[in-house]
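Here is a quick tour for someone meeting this structure for the first time. Have a look at the sequence and the model first, then read on.

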Amino acid sequence: ASISDWSRRRPMPADRRQQQTREQGMSRLVPLQPQSMRAALSCTRRRLFSVIPERPRPIADIAEYAAKRQTGVNMQALLSTGMGLRLDKSEIDASLPTQQRTLIQVAQFLHHELPIRLAHRAIELEELPHGLSDMPSVQVVRDWYIESFNDLVAAKETNTPDEEAAFERQLHKIYDRHAPTLLKMARGVHEFKQELKRRHPESTSKKALSHLYDFPEVHSFLDSFYVSRIGIRILIGQYLELHHTQEEHYVGLINTKTSPSEIAAQAIEDARYMCVRQYGDAPEVEIKGRTDLVFSYIPSHLYYMLFEVIKNSLRAVCEFHGVDGEMPPVRVIIADGERNEDVVIKVSDEGGGIARSHMPRIWSYLFTTAKPAFE
C-alpha cells in the first residue's frame, strides 16, 4: 500500500477497534526480534519510496562523454554555416536543396556536440561543493540535463530529411525543457543561501554574514555553468530558427545589421513600464552617441543585458531621489572603437552609487539588495 492508499482508507468503527485492541494487547508487550524489526523497517521503506519518482539515470557512460573536449563555435562560424557556405566539405546528398543540406549539416554537428556539453554540466551539477548539489532546485536542473543527454544519445544519426525532421522535434522538446533553468538555478542558489544561514544561526549581523558570500568554488561553477548554458541555447536556437523563413538581415538568431540604439529603445520602454508599475513613475532615459551604428549580433541577448541594467538604474534613481521630486535622467551612451573593433554601451545614472561595504560582494551570486522573487 502507498501513502495515498492509507489516506483513502475509511476509519475503523469504534467497537471493532476496541475488540482488535484487546486481541492484540498482549502482542504489543512482546518485543520484536531483530529479524522482525529489519523486515518491518524494510517494508516501511518500500512503502515510502514507492511514491517517490525515481531520478533519471544516464543510458550511456556519461563520464566518457564528459571526458571529451567541447568544440568551440564563434559567431562567424554560425553565420557561415547558416548561410550554407561550409557545405563543400560535407558528404550530404548533393541533390537536396541547399537549405535542407544546411539543416542536415547543423543537425549532424549538434548530434555529436550536445551530448558532450550536457554531460559536462550534468556531472558538475552532481559534484558541487558545500552542499549546493543537494538543493532541491539544483537536483531538478541536474535531472533535466540527464534527460536531455539520454534523448540525444538515443536519437538516430541525421542523414536524410526525415531523420532531420525527427531530430528537430527532439531539440524543440529539449529547448522547452530547459527554458526555466535560469529561474530554477536562481531558486537553488537562494535555497543554498538559506541553508548556509541555518548552518550558522549565530551569524545575524551584516558583518558576520559576510562570510556567506565567500565561496569561490560556487561562483566559479556558476560562471562556467551560465556561460555554457548560453552556448547550448545559441546552438539549439540557431538550428531551430534556420527552419523558419528568414527576415531581412537575419541568419537564424543573428542579425547582421543589429542596431544597439533600436534595441536600447525597446529595453527602455519595457523597463520604464515596469518601473511605473512598481513606483508610480519612472525617470526619463536618453540615448546618446553612435545611434547610427549597426553590427552582427543576437538582438535578444543585447536586449536582455540592456533591459536588466537599465531596470537597475531606474530603480536606483527612484529609491534615491523619490518619485515625488525631480528625478535626473538615465543615460545610455553607445560608442565604438574602429581600431579594436569593439562596441561599448554605457548606462549612467544618478542613483546614489554602490555602498562601499557592498563592493567586495557585488559580483556574488549569493548577494542582492533586492528582495528575491521567491520569498
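How many salt bridges does the structure hold? There are 17 salt bridges, a salt bridge being a side-chain nitrogen of Lys or Arg within 4 Å of a carboxyl oxygen of Asp or Glu.

## About the model

This is a predicted model, where local features need pLDDT of at least 70, side-chain atom pairs count only at pLDDT 80 or more, and totals for chains, interfaces and linings use all residues. Residues are numbered from 1 along each chain as its sequence is written, and side-chain values use heavy atoms, leaving out hydrogens and water.

## Some of the salt bridges

Take arginine 117 and glutamate 113: their closest N and O atoms are 2.8 Å apart. The two sit four residues apart in helix H6, so about one helical turn separates them. (Helices here are DSSP runs of H or I, at least four residues, numbered from the N terminus.) Arginine 117 is buried at 8% relative accessibility, and glutamate 113 is buried at 0%; buried means under 20% relative accessible area, with a 1.4 Å probe and protein chains only.

Arginine 177 also pairs up with aspartate 151, at 3.0 Å between the closest N and O atoms. That pair links distant parts of the chain, with arginine 177 in helix H8 and aspartate 151 in helix H7 (residues 136–154), 26 residues apart. Both arginine 177 and aspartate 151 are buried.

Definitions and conventions. Buried means under 20% relative accessible area, exposed over 50%, partly exposed in between (1.4 Å probe, protein chains only).
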